[in-house]
Amino acid sequence: MRSYDYDVLFIGSGHACNHGAIALKMAGKRVAMIEEDKNGGTCTNYGCDAKILLDGPFVYQEGFARYNDLGMQTTDINWKNLMAYKKKLIGAFSPLLGQAFEKYGIEVLKGHGTLTDAHTVNVDGKNYTAEYIVIGTGARDSSLPIEGAKYMHHSKDFLDLDEMPESLLFVGAGVISMEFASMALALGKKVTVIDFAPRALAQYPSDYVNMMVKKMEDLGAIFSFNQSVQKVEKTDAGYIVYTQDQTFIADYIVEGTGRVANVENLGLEALGIEASRRGIVVNEYMQTSVGNIYASGDVVDKRIPKLTPTAEFESNYIAYHILGMNPNPITYPAIPNLVFTLPRIAQVGVTVDEAEAHPELYRVERIPFGVSNEWVNNREKEAHYTFILDKEGYLVGAAIYSSEAATILDFITLIINKKMTALDLASMIFAFPTQTYQVVFALKPLLKKA
């Protein structure tokens, strides 16, 4: 039997890798991770962790503004100080993770990993072998192949801005652009959003997206849809963006046109592993065409949302599959996902569009939650919930427009995944008065009785 340096070798150290690595190490396996950048990957260092840290004061500012008519005044946000705080706190994550991996006994091999055969990865000139290999190299922001593309910035750049520019133009009206534009507007900056598509946030409920766009327009944002960016030009007055029939000018341009899987220079072609910009092709066990090589997270070609929680879920699944503890194909539960705009837009399970397209299977219940629960909802009158139930009365999907959507979404996801009935909810005691209590109160008459 061949002897390997490790039982399992991960290419990457983000959520798509480290959760599985820890599970395998705790099961007694010899594990290592290969990392050419910072420990923890994109989310930890350049993405969601940084975004949610910067987002905090804006949430409080927006909440406090709902009390302005009662004589309570909001305060300004100091972006420069906030960014300094972000750099200090988030900057400590990578070394702290390194210490945690060391404590677990997981070796981190620094450098770029390239597969040379089914059991060997070359890291900057040195070969390491393993019985199993897991690829979790994530994704990066895409770049339009246009003249002047070098003048556009990406999410990593925006999340490191020491000073917020006076005017910003966002190319693309997806999650990244809408989240960042919300913060810029709250700081009183001039914001323009252009997109090739006919609307923003195409994967989210149109009524909630329209509410968000209208709110941003009321704050001064300019939206221009059905626009294809042709080139970007630098001038003394700023950067000019040319589309097929319009021109826009701004001090700073953020490109948010999607993400591309990091599949280059991994040695996939030589092993016959199929991959494209969408990611690596895997089977129902997260295996590539080479059975002992798996892929996890954003680098996978998949239809489900590419999110940190799905990467973690896949990482753990692969670990238990390798350990023989879960021989079944991967099965995803309902996946909650949301846009961290101000307020949030969230959805889970069956979408509103799916439900409305199949009335024979689902019923849609819309609840103006903020209007009826102003007293417990921090005066957020615009808050709105949509519940989707199947013909048996089980909750199978939901969409939310609310500043509290993140917390409520997790609660609703639990109800969906556990197929809870009205009797199940009635058999529990919830804190009162809370928003979650009011959600239970709203749901019980709609759900299957028992």
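Predicted model: local features only at pLDDT ≥ 70, side-chain atom pairs only at ≥ 80, totals over all residues.
The side chain of Arg140 meets that of Glu264 in a salt bridge, with a distance of 3.0 Å from N to O. This pair links distant parts of the chain, since Arg140 belongs to strand E7 (residues 139-141), while Glu264 sits in the loop between strand E15 (259-261) and helix H9 (268-271), and 124 residues separate the two.

The structure holds 19 salt bridges, and the bridge between Lys80 and Glu163 is one of them, with 3.9 Å from N to O. Here too the pair links distant parts of the chain: Lys80 is in helix H4 (residues 79-91), whereas Glu163 is in the loop between helix H6 (155-158) and strand E8 (167-171), 83 residues apart. A further salt bridge is formed by Arg366 and Asp207, whose closest N and O atoms are 3.8 Å apart. That pair links distant parts of the chain as well, with Arg366 in strand E21 (residues 362-367) and Asp207 in helix H8 (residues 206-218), 159 residues apart. Arg366 counts as partly exposed at 39% relative accessibility, and Asp207 counts as partly exposed at 29%.

The structure holds 1 disulfide, and the two residues that form it are Cys43 and Cys48, with their sulfur atoms 1.9 Å apart. The torsion about this S-S bond is about -130°, and the disulfide of Cys43 and Cys48 is therefore left-handed. The two partners fall into separate classes of accessibility, for Cys43 is buried, with a relative accessible area of 11%, whereas Cys48 counts as partly exposed at 35%.

Cys17 counts as buried, at 0% relative accessibility.

## A buried strand residue and a strand pair

Val193 lies in strand E9, which covers residues 190-194. Is Val193 buried or exposed? Val193 is buried, because its relative accessible area is 0%. If its neighbours within four places in sequence are left aside, Val193 is in contact with Phe170, Gly172, Ala173, Ala181, Ile222, Phe223 and Ser224. Val193 and Leu144, by comparison, are 49 residues apart in sequence and 16 Å apart in space, taken from C-alpha to C-alpha.

Elsewhere, strand E11 (residues 229-235) and strand E12 (residues 238-243) run antiparallel and are joined by 6 bridges. A hairpin of 2 residues leads from E11 to E12, and within this pair of strands Glu233 stands opposite Ile240 in E12.

Phe64, Leu70 and Met72 make a nonpolar surface patch of about 270 Å². Of these residues, Phe64 is found in helix H3 (residues 48-65), and Phe64 is partly exposed, with a relative accessible area of 39%.

## Backbone details in the loops

Leu342 and Pro343 are joined by a cis peptide bond, with omega about 0°, and Pro343 has its place in the loop between strand E19 (337-339) and strand E20 (344-349). The peptide bond from Phe432 to Pro433 is cis as well, with omega near -5°, and Pro433 is placed in the loop between helix H14 (422-426) and helix H15 (435-443).

Met286 has a positive phi of about 65° although it is not a glycine, and Met286 lies in the loop between strand E17 (279-280) and strand E18 (293-295). Lys419, likewise not a glycine, has a positive phi of about 50°, and Lys419 is located in the loop between helix H13 (405-417) and H14. As for accessibility, Met286 is buried, with a relative accessible area of 2%, whereas Lys419 is partly exposed, with a relative accessible area of 46%.

Note on methods
Residues numbered from 1 in each chain as written. Heavy atoms only, no water. Helix = DSSP H or I, 4+ residues; strand = E, 2+ residues; numbered from the N terminus. Buried < 20%, exposed > 50% of the residue type's maximum accessible area, 1.4 Å probe, protein only. Contact = heavy atoms within 4.5 Å. Disulfide = S-S within 2.5 Å. Patch = residues over 30% accessible without salt bridge, like charges linked within 9 Å, V, L, I, M, F, W, Y side chains within 5 Å. Areas by Shrake-Rupley, 256 points an atom, 1.4 Å probe, with all protein chains shown as cover. Salt bridge = Lys/Arg side-chain N within 4 Å of Asp/Glu carboxyl O. Pairing = 2+ DSSP bridges.
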